[in-house]
Amino acid sequence: MITEELTGTPRAESAPPTTGRTIPARQARTLAREALVAQGLPAAEAEQVADALVTTSLRGIDTHGLRLLPQYAAELATGVAKAGARPTVVQDKGAGLLLDADGSLGVLAGLAAARLAAERAARFGVAAVGVRNSNHFGAASVYTRTLARTGLVGIAVTSAASRVAPYGGVEPLFGTNPISVAAGSGDEEFALDMATSQVCFGEVKQRRTEGRDLDGGWATDRRGRPTAQPDEAYALSPLGGYKGQGLAMAVTLLGAVLTGTAPDWRLSQVGEGTPGESRGIGHLVLALDPAAFTGTDGFAAGLTDLLTTVRASTPATDRPVLAPGDPQRAHERDREARGIPLDAGTAAALDELAARLGLPGTEEVPA
């Protein structure tokens, strides 16, 4: 559990699906693209969102991958996300910009911010792009890895509707407020993508469905007491106690306060937005060009040294020591070959979309 959390895949996100159904990656991309086009999204933009969702699922981050496709389609259908959105730069200080997403899908807003950050970092060495008036943007590593593949260091945070109580508190004030940092590519990639809560709320819902207790330290009840009963879970617990609260507040500061968007406790949950209105999520994407600091070659050598040293360190068990991103690449290789495994709810939702669109759906895993 500790290794998974340190490498950016909280255990809840890498939990094995509960059904014997999969979908091949190429088939999943087609289905996702066509489902979004059917809701009015231009084909090129639908392709970007589909690729982000499928890549996230391939990397084992199931809570932020294909499981979100029906929700994103519903947001387009109800106008919570605008299919014809036109993001606009509303503040421009050169290396710092503010982008109004015009209510677009968060994935498109995040990718637009990453492109802007890359362009400005090429000029200034560093760039920060704040985003307001957006929606849920999925896995934060989608944007940091996009920057990393161009030779930059990518950093991304986002606000999110409140699920997490402050340390020692009762009411949920913060979202799961992820932090992602990425650099390098391939096997020489550092890719941290972690929530600032102990677990995502989707895992609590899954445990309710399965009738299973929660792990210790995951959640608290309406009196702020730790509980193992999923039906009693009122708020999630911050990662590492007061330190996790501090990180969550830092993300709110950067993703919401800095971008002029509503704080976490004033945001609606995914699926509970007001029709025709953006959920008003805020993001911040930063790009740093190593050429402006130690130099491209020096940075590459230092990154290799960092990754190699950590991976070669003496393990305390029979499991090797990993760096952030290592488990995700292993998932990706396996799922590219075997297909993306799906939980029962996601499999049913994808099959319903496939039937509606006349496309192939999920497949049963051979016995």
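In the predicted model, helix α5 comprises 19 residues, 106-124. The distance from its first C-alpha to its last is 26 Å, close to the 27 Å expected at 1.5 Å a residue. The helix is followed by Gly-125, which has a positive phi, near 90°. Asp-102 is a residue other than glycine, yet its phi is positive, near 60°.

A positive phi is also found in Asn-133, at about 60°, although this residue is not a glycine. Asn-133 belongs to strand β4, which covers residues 126-134. Its relative accessibility is 25%, and Asn-133 therefore counts as partly exposed, the limits of that class being 20% and 50%.

Strand β4 pairs with β11 in the antiparallel sense, over 7 bridges. Within this pairing, Val-131 is placed opposite His-283 of β11. Strand β11 also pairs with β5, again in the antiparallel sense, here over 6 bridges. In that case Gly-154 has Ala-287 of β11 as its bridge partner. Strand β11 itself spans residues 281-288. Of its 8 residues, 6 are buried, so the strand is largely enclosed by the rest of the structure. Strands of a sheet pair through backbone hydrogen bonds, in either a parallel or an antiparallel arrangement.

The loop that connects β5 (153-158) and β6 (179-185) includes Ser-162. This serine has a relative accessibility of 13% and counts as buried because that value is under 20%. When residues up to four places away in sequence are not counted, the contacts of Ser-162 include Pro-172, Leu-173, Phe-174 and Gly-175. Ser-162 also touches Asp-264, Trp-265 and Gln-269.

Two further sheets are described here. In one, 3 strands form an open sheet with antiparallel pairing, in the order β9-β8-β10. Its edge strands, each pairing on one side only, are β9 (226-227) and β10 (235-236). Strand β8, made of residues 219-220, is joined to β9 by 2 bridges, and these strands run antiparallel. Ala-219 is the residue that stands opposite Thr-227 in β9.

In the other, 3 strands are arranged in the order β12-β1-β13, forming an open sheet in which the pairing is antiparallel. The edge positions are held by β12 (340-342) and β13 (363-364), each of which pairs on one side only. Strand β1, residues 21-23, is connected to β13 by 2 bridges, with the strands running antiparallel. Opposite Thr-22 stands Glu-363 of β13.

Conventions: Residues numbered from 1 in each chain as written. Predicted model: local features only at pLDDT ≥ 70, side-chain atom pairs only at ≥ 80, totals over all residues. Heavy atoms only, no water. Helix = DSSP H or I, 4+ residues; strand = E, 2+ residues; numbered from the N terminus. Expected span 1.5 Å × (residues − 1). Buried < 20%, exposed > 50% of the residue type's maximum accessible area, 1.4 Å probe, protein only. Contact = heavy atoms within 4.5 Å. Pairing = 2+ DSSP bridges.
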